[in-house]
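The sequence and structure come first, and the description follows.

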Amino acid sequence: MSRYLMLRTPSANRVYAGEAAPLTAAELELTAPFARDIADVEIAGVGYLAFDADDLAPTQLATLATQSACFALFESAGDLLRPVALPRPFDLDDDLITIPKYQGKTNEQFTQLLLSVTLAAVTREPTGPRQVLDPLAGRGTTLSTALLLGHDAYGVEGDEKAFQQMASFYKTWLRRKRIKHTADVTGVRRDGKSIGQRFDASIQLADRTARVTAFTGDTRTSADLFGKKKFDVIVTDAPYGVMHGSSTDVRGVSGRRDRSPAGLLREAVPVWTSQLMHGGALGIAWNTFGLSRGDLAEILSRSGLVVCEGGAWERFAHRVDSSIRRDLIVAVRP
Ligand SMILES: C[S@@+](CC[C@H](N)C(=O)[O-])C[C@H]1O[C@@H](n2cnc3c(N)ncnc32)[C@H](O)[C@@H]1O
């Protein structure tokens with residue numbers, strides 16, 4: 001048994017407004033069950049996330065490398081810190097998620113945390129790359145994070161401009177990286193009428209072909225857009241009920257600006273549940289100022305999902321700014 005010390009990226013406390021210690025500890029507890037006695041420690045004025053573990057196997061090192069705030073890992077040897085080499089965490093260059101910068105973007109470290117803890121709740125054995133859907137995809141932070149972590153990515157987005165920007169960024173990025181791929185936007189028709197657009201990319205990696213598919217449209221039509229396709233994981237950052245640019249960020253529930261995503265989620269969660277495989281998990285990040293945890297848990301339970309409760313599952317709430325206190329909730333389809 002050894003004591004390990006994980007050094008967090010310097011940006012972690014900016015992302016989580018000074019609350020990185022409890023959040024990253026909760027992430028480690030849920031995603032790395034082999035880590036015991038997790039504690040925040042300070043050595044020579046520098047904070048580390050400490051834990052005990054037996055000799056780390058390659059899969060365990062890979063889990064540690066993909067912690068959302070992992071910068072470096074050390075094994076504690078008396079007064080000394082012995083560096084532990086971690087594998088490269090991603091299948092693709094991470095500028096896929098860091099280059100796009102826009103109002104309303106979900107922070108990339110938080111997106112990785114949300115995806116990782118939601119994946120940790122999945123009880124279904126994998127049969128290949130996990131099929132990950134973000135039904136409020138924006139410009140695709142979840143989709144790109146899923147790709148980076150070795151999964152296939154799917155999305156729905158109501159804002160056509162955001163969809164177009166995502167599609168053109170993918171095309172430019174894939175071309176510039178000289179990665180073998182196909183990437184196309186095509187029209188979607190139902191009963192002879194045009195109902196929107198879809199983006200499909202097929203990306204040739206060293207050991208597999210990664211896929212991305214995203215549709216324009218209202219998230220409540222997601223099951224119609226994807227037909228029979230089912231997902232292992234649905235991960236989304238719900239609208240915050242605050243203005244991003246000049247448009248409302250909660251679409252279609254009221255004609256005007258809607259301060260809470262409750263109405264939208266009440267209608268969308270049953271649709272998303274129908275798109276989850278049994279043993280799959282849904283993870284939602286949201287602004288608790290517009291909707292309480294209890295009310296969101298009830299929306300999820302009413303839809304037949306089992307909410308992950310207690311302990312580390314309830315240690316993710318953090319302040320983003322004066323109008324947003326963000327939390328995340330994860331539920332499993334039995
Ligand atoms: C918090 S943002 C997600 C941002 C995204 N994670 C990113 O980093 O780009 C929520 C998104 O939900 C979209 N949205 C809101 N209501 C919608 C609806 N009814 N159907 C589809 N998309 C909707 C908004 O346009 C916005 O892009």
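## The second largest pocket

In this predicted model, the second largest pocket holds about 530 Å³ of space. Its lining is made up of 21 residues, and those closest to the centre of the pocket are T31, T63, S116, L119 and A120. Two or more lining residues come from each of the helices α2 (20-31), α3 (58-65) and α5 (108-121), and α3 gives the most, with 4 residues.

Sorted by class, the lining of the second largest pocket has 9 nonpolar and 9 polar residues, together with 3 charged ones. Both domain 1 (2-84) and domain 2 (95-332) take part in this lining, each of them with at least three residues.

## The ligand and its shell

The ligand is surrounded by 24 residues, of which Y102, T106, T141, E157 and T219 are the closest. By class, this shell has 9 charged, 8 polar and 7 nonpolar residues.

For T141, a polar side-chain atom lies 2.5 Å from an oxygen atom of the ligand, while for E157 an N or O atom of the side chain is 2.6 Å from a ligand oxygen atom. At T219 the pair involves the backbone instead, with a polar backbone atom 2.9 Å from a nitrogen atom of the ligand. On its own the ligand has 610 Å² of accessible area, and the protein covers 96% of that area.

How many cavities of 30 Å³ or more does the structure hold? There is 1 cavity of that size, and the volume of the largest cavity is about 60 Å³.

The residues that line the largest cavity are L96, I97, P100, Y102, K105, R139, G140, T141, S144, M166, F169 and Y170. At least two lining residues are supplied by each of α4 (95-98), α6 (141-148) and α7 (160-176), and α7 gives the most, with 3 residues. The class count for this lining is 7 nonpolar, 3 polar and 2 charged residues.

For T141, the ligand-facing description includes the 2.5 Å pair between a polar side-chain atom and a ligand oxygen atom.

Key
Residues are numbered from 1 along each chain as its sequence is written. This is a predicted model: local features need pLDDT of at least 70, side-chain atom pairs count only at pLDDT 80 or more; totals for chains, interfaces and linings use all residues. Side-chain values use heavy atoms; hydrogens and water are left out. On a 1 Å grid over the protein atoms alone, a cavity is a set of points where a 1.4 Å probe fits but cannot get out, and a pocket is an open set with protein on both sides within 12 Å along at least five of seven lines; lining residues have an atom within 4 Å of a point. Grid points are joined across faces, edges and corners, and a volume is the space filled by probe spheres set on the points. Ala, Val, Leu, Ile, Met, Phe, Trp, Tyr, Cys and Pro count as nonpolar, Asp, Glu, Lys and Arg as charged, and the others, Gly among them, as polar. Domain bounds come from an automatic or database domain assignment. A residue is near a molecule or strand if one of its heavy atoms lies within 4 Å of it. A polar contact is a pair of N or O atoms within 3.5 Å; within protein, one must be able to donate a hydrogen and the other to accept it, and residues adjacent in sequence count only if both atoms are side-chain atoms. Accessible areas come from the Shrake-Rupley method with a 1.4 Å probe; for residues, only the protein chains shown count as cover.
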